[in-house]
Amino acid sequence: MTPESPESPEAQPQPRRSWLQEHSELGVSVLLLVLGLLVLTDALTMDVDIAQRGPIGPKTVPIVVGAGLLLIAVLLAVDVLRGGRGEAESGEDVDLSEPADWRTVLLLAGVFLATAVLIDPLGFPVAGALLFWGAAFALGSRRIDRDPLIAAVLSLLTYVVFNNLLGVPLPGGPLMGVL
């Protein structure tokens with residue numbers, strides 16, 4: 001069997017990939033570009049007269065982040081158009097032949113949605129404790145004697161740091177008078 005014979009694998013026509021399939025990383029570049037433009041637009045149209053206290057105001061970080069996103073989008077697009085290719089995920093502890101664990105993903109999504117719904121009526125300390133405990137449960141921890149206590153301490157500590165030390169107001173809920 002010669003390399004040119006019809007039976008050889010080299011002679012079989014390979015399916016032709018479209019230009020867009022070969023440059024699919026451009027989609028990430030477009031996403032970063034749109035996100036950067038959105039961040040910059042929001043930052044530049046932000047009303048900051050009340051919050052401005054010095055030369056560096058609330059617009060500074062969003063402008064830097066938006067400009068960084070635009071820069072990364074352009075650099076990624078240039079790299080892809082020059083022939084750069086992303087490597088497939090090989091992960092040292094990830095078995096890519098196994099299906100996704102949708103149960104864990106859906107449990108985590110449910111915990112995040114429940115926290116978003118409960119944060120106003122219950123306050124951050126209670127909703128945050130439920131978030132930390134629910135995330136630990138969804139990720140496989142079954143220590144019912146320890147996990148709620150750790151979640152409550154983490155939530156209270158987070159509340160005190162953000163609300164009292166950093167000045168970022170978080171809803172206290174029914175515990176507002178106690179904390």
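At roughly what angle do the axes of α4 and helix α5 cross, and within what distance do they come? The points below take up this question after a word on the model.

1. This is a predicted model, in which local features need pLDDT of at least 70 and side-chain atom pairs count only at pLDDT 80 or more, while totals for chains, interfaces and linings use all residues. Residues are numbered from 1 along each chain as its sequence is written, and side-chain values use heavy atoms, with hydrogens and water left out.

2. The chain has six helices and zero strands, where helices (H or I, at least four residues) and strands (E, at least two) are DSSP runs numbered from the N terminus. Of its 179 residues, 22% count as buried; buried means under 20% relative accessible area, exposed over 50%, and partly exposed in between, with a 1.4 Å probe and protein chains only.

3. To answer the opening question, the axes of α4 and helix α5 (residues 124-138) come within 8 Å and cross at roughly 175°, the axes being lines fitted to C-alpha atoms, for helices over the stretch in contact, with angles from 0 to 180 degrees between N-to-C directions. The two helices α4 and α5 are therefore roughly antiparallel, a word used for angles over 145 degrees. Residues making the contact (heavy atoms within 4.5 Å) include Leu108, Val111 and Thr115 of α4 and Ala127, Leu130 and Leu131 of α5. The residues of this contact divide into 14 nonpolar, three polar and no charged, where Ala, Val, Leu, Ile, Met, Phe, Trp, Tyr, Cys and Pro count as nonpolar, Asp, Glu, Lys and Arg as charged, and the others, Gly among them, as polar.

4. Threonine 115 lies in helix α4, which spans residues 102-122, and counts as buried because its relative accessibility is 12%. The side chain of threonine 115 reaches the backbone oxygen of valine 111 at 2.9 Å, and, when residues up to four places away in sequence are not counted, threonine 115 touches Ala127 and Leu131.

5. A search of the whole structure finds two salt bridges, each defined as a side-chain nitrogen of Lys or Arg within 4 Å of a carboxyl oxygen of Asp or Glu. In one, the side chains of aspartate 145 and arginine 143 meet at 3.2 Å, N to O; aspartate 145 counts as exposed at 59% relative accessibility, whereas arginine 143 is partly exposed at 39%. In the other, the closest N and O atoms of arginine 146 and aspartate 147 are 3.6 Å apart; arginine 146 is partly exposed at 37%, whereas aspartate 147 counts as buried at 8%.

Terms used: A polar contact is a pair of N or O atoms within 3.5 Å; within protein, one must be able to donate a hydrogen and the other to accept it, and residues adjacent in sequence count only if both atoms are side-chain atoms. Angles under 35 degrees count as roughly parallel, over 145 as roughly antiparallel, 65 to 115 as roughly perpendicular and the rest as oblique.
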